[in-house]
Amino acid sequence: MSQERTLPKFDTATVQITRDEGLVLYEDMVLGRLFEDKCAEMYYRGKMFGFVHLYNGQEAVSTGVIKSMRPGEDFVCSTYRDHVHALSAGVPAKEVLAELFGKATGCSKGRGGSMHMFSAEHRLLGGYAFVAEGIPVAAGAAFQSKYRREILGDKNADQVTACFFGDGAANNGQFFETLNMAALWNLPILFVVENNKWAIGMAHERATSQPEIYKKASVFNMVGVEVDGMDVLAVRAVAQEAVARARAGEGPTLIEALTYRFRGHSLADPDEMRTKQEKEYWFSRDPIKKFASYLVEQNLASSEELKDIDQKVQQVIDEAVKFAESSPEPSPSELHRFVFAEDE
């Protein structure tokens, strides 16, 4: 097995979570998992094209962070692995799948595809194909929140931004430059590193002189936190604290979530770089199975109720497929639309 960091311990006995909150977290993770499984099926059936990067295994990070924020108010900035971030942010599954099919009803009007999900309504700032490209964009969103509140006097401008990126991006110049500015300007932002151990085909430890990314926060006099990214309750606890700090004007946080992608880098990746032993170790830590067991053990839900949620989510996805397949292609007459902003 390649490198193993000891995952941070999280005491679930300290968790205060209601039944309704638990079911929301569970349903969101299941939505992400089943949606990505359907994407794989549709890709291999020739319904979508190009590069498609799936999120299977990392659901606890998206759910734990985004569900700790204000839906439709706070900002989310993603990467090329952006489908599940969009779903957690509230973008309807049918609009995400229609975008993957290149249809006019997609959240990016069929112009973006898999790597460029966007929704102004849901404050999703976009997916970005280039590594680390979204980091300065997210900082810009955080800056405008702070500027409107402190300079323009808008007391309602207390929005927080969550910026997701992978371990490979933490070696990129935008990471260092933007974290420096965010710390200097005390921006209300969460930098969330989804460390799934592999930047395409490069093992994380082989590419960086300091593999513990959260420790890099100290260089910027910023709070840095390491969390088990396969435990939605642990991620949620860390995110809630970071969001509260940001909203209170106490500045940014760097969160390193130790997680794992269950599939290859993309659907075009034969996934031959990772050992069977390594994959089996992480498969045994499946965040959805782990949380389902917790809900049942804590008498917050029964196995039958969780199965009902699974079926409900599957129905949503089946309906999304029908919607995407029956939606129109973008009209050639609108080829030049959405290049520039339009008057409302």
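Helices, here runs of DSSP state H or I with at least four residues, and strands, runs of state E with at least two, are numbered from the N terminus. The model is predicted, so that local features need pLDDT of at least 70 and side-chain atom pairs count only at pLDDT 80 or more, while totals for chains, interfaces and linings use all residues. Residues are numbered from 1 along each chain as its sequence is written, and side-chain values use heavy atoms, with hydrogens and water left out.

**View A. Arg245 in helix α8.** Arg245 lies in helix α8, which covers residues 232–247. Arg245 counts as buried because its relative accessible area is 17%, where buried means under 20%, exposed over 50% and partly exposed in between, with a 1.4 Å probe and protein chains only. Residues up to four places away in sequence aside, Arg245 touches Val223, Glu250, Gly251, Pro252 and Thr253, a contact being heavy atoms within 4.5 Å.

**View B. The largest nonpolar core.** A nonpolar core is a set of buried Ala, Val, Leu, Ile, Met, Phe, Trp, Tyr and Cys residues joined through side-chain atoms within 4.5 Å. The largest has 70 residues, and Leu97 and Phe291 are those with the most contacts inside it. Helix α1 (residues 19–44) provides the largest share of this core, with twelve residues. Beyond its neighbours within four places in sequence, Phe291 is in contact with Ile17, Gly22, Leu25, Tyr26, Met29, Val232 and Leu233. Another core, of 26 residues, lies apart from this one and includes Phe165, Leu179, Ala182 and Leu254.

**View C. The covered helix α4.** Six of the eight residues of helix α4 (residues 93–100) are buried, namely Ala93, Val96, Leu97, Ala98, Glu99 and Leu100. These buried residues pack against α1, α3 (83–88) and α11 (303–326), and just after α4, Gly102 takes a positive phi of about 75 degrees.

**View D. A nonpolar surface patch.** Phe143, Tyr147, Ile151, Leu152, Met181, Leu184 and Trp185 make a nonpolar surface patch of about 730 Å². Patch residues have over 30% relative accessible area and no salt bridge, with nonpolar side chains (Val, Leu, Ile, Met, Phe, Trp, Tyr) joined within 5 Å and like charges within 9 Å; a salt bridge is a side-chain nitrogen of Lys or Arg within 4 Å of a carboxyl oxygen of Asp or Glu. Accessible areas come from the Shrake-Rupley method with a 1.4 Å probe, and for residues only the protein chains shown count as cover. Helices α5 (134–150) and α6 (173–185) each supply at least two residues of the patch, and α6 gives the most, with three. Phe143 is found in α5 and counts as partly exposed because its relative accessibility is 36%.
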